[in-house]
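Thanks for making the time this morning.

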Amino acid sequence: ERSFFKDTLMINYFLWGGRILYVRNKDSKIFDTSLKKWGDNITNPEWNDGDSFLTNYVYHPYFGALYYQVYRDLGYKKEEAYLGTLIQSTLWEFTIEGTVEKPSLIDMVVTPGLGIPLGVFFEDINKSLSHSESTFKRTLSYIVNPTKIFLSEGDFGFFNPSQIDANDNGIGDACETISSGS
């Protein structure tokens, strides 16, 4: 049985991991902060954090689409995926980015606001590609939805063998799912 709360925390843990690996401003460190700085930041959000147009209107919606697809890949209904996307966007701004900068209200509007429709669009394309007999199209589905590299109907792993035929192109062992359940 899925637990929305536990899955939401697990997704946020992965986002923390990604944030630790990638710090936008290479001159600062993600842990160059304090509880006081974090508290000041999250109690004084700003409308715009100064991100470029490309970041605000391409990258943020793309990540919103990925949040949506993660919840859908975990088996949640569309409405639950909408809620999960809103929660992840808010958690990102107030927990992850909030440690080093003020949360951006525009990011919390644009990420889910444009990301959810984009995620629905990607989901439809992905279904078509995933169910194709063409290895190329099934492989392309991983570009449309890279989150399924790590998620397979709720199992964390690397590649989903139900999406790529293990006997096709001799990839065999590379498609084994590495999950906590197997």
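Which residues do ring pairs link into a cluster? They are Tyr62, Phe63, Phe121 and Phe122, where rings of Phe, Tyr and Trp (its six-membered ring) pair if their centres lie within 6.5 Å, and planes under 30 degrees apart count as stacked, over 60 as edge-to-face and the rest as tilted.

Before going on, a word on how to read this: it is a predicted model, in which local features need pLDDT of at least 70 and side-chain atom pairs count only at pLDDT 80 or more, while totals for chains, interfaces and linings use all residues. Residues are numbered from 1 along each chain as its sequence is written, and side-chain values use heavy atoms, with hydrogens and water left out.

Searching the whole structure gives eight aromatic pairs. In one of them, Tyr62 and Phe122, the ring centres are 6.4 Å apart and the planes stand at 70°, so this pair is edge-to-face. Tyr62 belongs to helix H3 (residues 53-73) and Phe122 to helix H5, so the pair ties together parts that are 60 residues apart in sequence; helices here are DSSP runs (H or I, at least four residues), numbered from the N terminus. Phe122 is buried at a relative accessible area of 16%, whereas Tyr62, at 28%, is partly exposed; buried means under 20% relative accessible area, exposed over 50%, and partly exposed in between, with a 1.4 Å probe and protein chains only.

A second pair, Tyr68 with Tyr82, is stacked, at 6.0 Å centre to centre and 20° between the planes. Because Tyr68 lies in helix H3 and Tyr82 in helix H4 (residues 78-96), this pair ties together parts 14 residues apart in sequence. Tyr68 is buried, at 0% relative accessibility, while Tyr82, at 31%, counts as partly exposed.

Turning to Ile106, which lies in helix H5 (residues 105-130), we find a buried residue with a relative accessible area of 9%. Leaving aside neighbours within four places in sequence, Ile106 is in contact (heavy atoms within 4.5 Å) with Trp47, Asn48, Asn56 and Tyr57. Ile106 and Asp49, 57 residues apart in sequence, are 8.2 Å apart in space, C-alpha to C-alpha.

Finally, the surface. Leu9, in helix H1 (residues 4-21), is partly exposed at 32% relative accessible area. Together with Phe5, Met10, Tyr13 and Phe14, Leu9 forms a nonpolar patch on the surface, with about 530 Å² of accessible area together.

Terms used
Patch = residues over 30% accessible without salt bridge, like charges linked within 9 Å, V, L, I, M, F, W, Y side chains within 5 Å. Areas by Shrake-Rupley, 256 points an atom, 1.4 Å probe, with all protein chains shown as cover. Salt bridge = Lys/Arg side-chain N within 4 Å of Asp/Glu carboxyl O. Helix = DSSP H or I, 4+ residues; strand = E, 2+ residues; numbered from the N terminus.
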